[in-house]
Protein chains: 2
Amino acid sequence: MELLTIGDMAARSGVAPSALRYYEREGLIRSTRTSGNQRRYERHELRRLAFIRIAQQVGVSLEEVRDALAALPENRTPTKADWARLSARWRRKLEERITLMERLRDQLTGCIGCGCLSLQRCNLINPKDRLAARGEGPQMLLNPPA
Amino acid sequence: MELLTIGDMAARSGVAPSALRYYEREGLIRSTRTSGNQRRYERHELRRLAFIRIAQQVGVSLEEVRDALAALPENRTPTKADWARLSARWRRKLEERITLMERLRDQLTGCIGCGCLSLQRCNLINPKDRLAARGEGPQMLLNPPA
DNA sequence: CTGCAACCTGAAGTTCACTTCAACTCAAGG
DNA sequence: CCTTGAGTTGAAGTGAACTTCAGGTTGCAG
């Protein structure tokens, strides 16, 4: 089996055929066609798909994913080095998000300690009342002091 | 200032007035009304709002948030203990998600090492080819071996 | 007491990420 | 060859989470 049908892709990636067509319309993956106009995928498209799914889990929009994938070569099969560059970039994104969530967790733990989640004391909230200068929302989380 | 207007709430929480009305329709927050039918919020509704925003960041749906908030008392102002119970539950959710993302990061790091993200070797992908028995998708991540 | 920014409502619109539908064509095993 | 499961299309539908709009009301500073 040289090229994969849309059904093969769906089975192997866990992404529905309708989603595969959607991703193609949106420029996230590519396919060739048979003489009878059916899609055929190169095996390495599965890698793109895996990447897309991972990004989704991390809460990244398809638009961002498309931009990221645009870094891969158009005219040749991506090499290990291509993927390595992409992965490195994403590891950083991922780490940022993990940091945010850890901060969230620690603050929430602190809140359990003080039993509050209160406006006066809890840095989970801490809006204009005390940090007006830094803008809206839970500033301690989004933009903590160094 | 005893009660807050919708504008005050928006300013202090960073949530738009339209979203506040929406949350109220959806049963996530509550307000009283003036004789002239304008919303007035008790200060502790800001706590609910903070909780909602935090949950959103973690990728939880409003429906889940509503269910969680339903654990708070209807007829009295929530106590520290009420919030503490809720927070403890959420810390667990948060921790699960952090664990998932750390796994993701570690796998991605491994992938940079091997330069692959490849079907044959990379456990970021690993679909039916090798783990058919466990279902679809990147099984090593969603459901890793003990 | 007046002006006007802020508030009200219901309905419709928006974006994202898909799925579903109808009507049709293709490909491959018996 | 023929059947039938898999694939094709464009258009419309879905659900979450809001925003925008039109047309009207309220509340407070001057």
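Leaving aside neighbours within four places in sequence, which residues is B:Leu49 in contact with? The close-ups below, taken from a predicted model, begin with that residue.

**View 1. The contacts of B:Leu49.** Once its neighbours within four places in sequence are set aside, B:Leu49 is in contact with B:Ser13, B:Val15 and B:Ile29. You will meet B:Leu49 again in the next view, as one of the residues that touch the most other members of the largest nonpolar core.

**View 2. The largest nonpolar core.** This core holds 46 residues, and A:Leu49, A:Ile52, B:Leu49 and B:Ile52 touch the most other members. Both chains contribute helices here: α2, α3 (45-57) and α5 (80-114) of chain A, and α2, α3 (45-57) and α5 (80-114) of chain B, each supply at least two residues of the core.

**View 3. The surface near DNA strand C.** Look here for the 21 residues around DNA strand C, of which A:Ser18, A:Gly36, A:Leu62, B:Gly7 and B:Arg39 come nearest. Two or more residues each are given by α2 (17-25) and α4 (62-69) of chain A, and by α1 (6-13) and α2 (17-25) of chain B. Helix α2 of chain A gives the most, with three residues. Sorted by class, this surface has six nonpolar, 12 polar and three charged residues.

**View 4. A:Arg25 in helix α2.** Our last stop is A:Arg25, which lies in helix α2 of chain A. A:Arg25 counts as exposed because it has 9 C-beta neighbours inside 10 Å, and the cut-off for exposed is 12 or fewer. To find A:Leu108 from here, go 83 residues along the chain; the C-alpha atoms of A:Arg25 and A:Leu108 are separated by 42 Å.

Key:
Residues are numbered from 1 along each chain as its sequence is written. Chains are lettered from A and ligands numbered from 1 in the order in which they are written. This is a predicted model: local features need pLDDT of at least 70, side-chain atom pairs count only at pLDDT 80 or more; totals for chains, interfaces and linings use all residues. A residue is near a molecule or strand if its C-beta atom, placed from the backbone, lies within 6 Å of it. Helices (H or I, at least four residues) and strands (E, at least two) are DSSP runs, numbered from the N terminus. Ala, Val, Leu, Ile, Met, Phe, Trp, Tyr, Cys and Pro count as nonpolar, Asp, Glu, Lys and Arg as charged, and the others, Gly among them, as polar. A nonpolar core is a set of buried Ala, Val, Leu, Ile, Met, Phe, Trp, Tyr and Cys residues joined through C-beta atoms within 7 Å. A residue is buried if 20 or more other C-beta atoms lie within 10 Å of its own, exposed if 12 or fewer, and partly exposed in between; C-beta atoms are placed from the backbone. Two residues are in contact if their C-beta atoms, placed from the backbone, lie within 7 Å.
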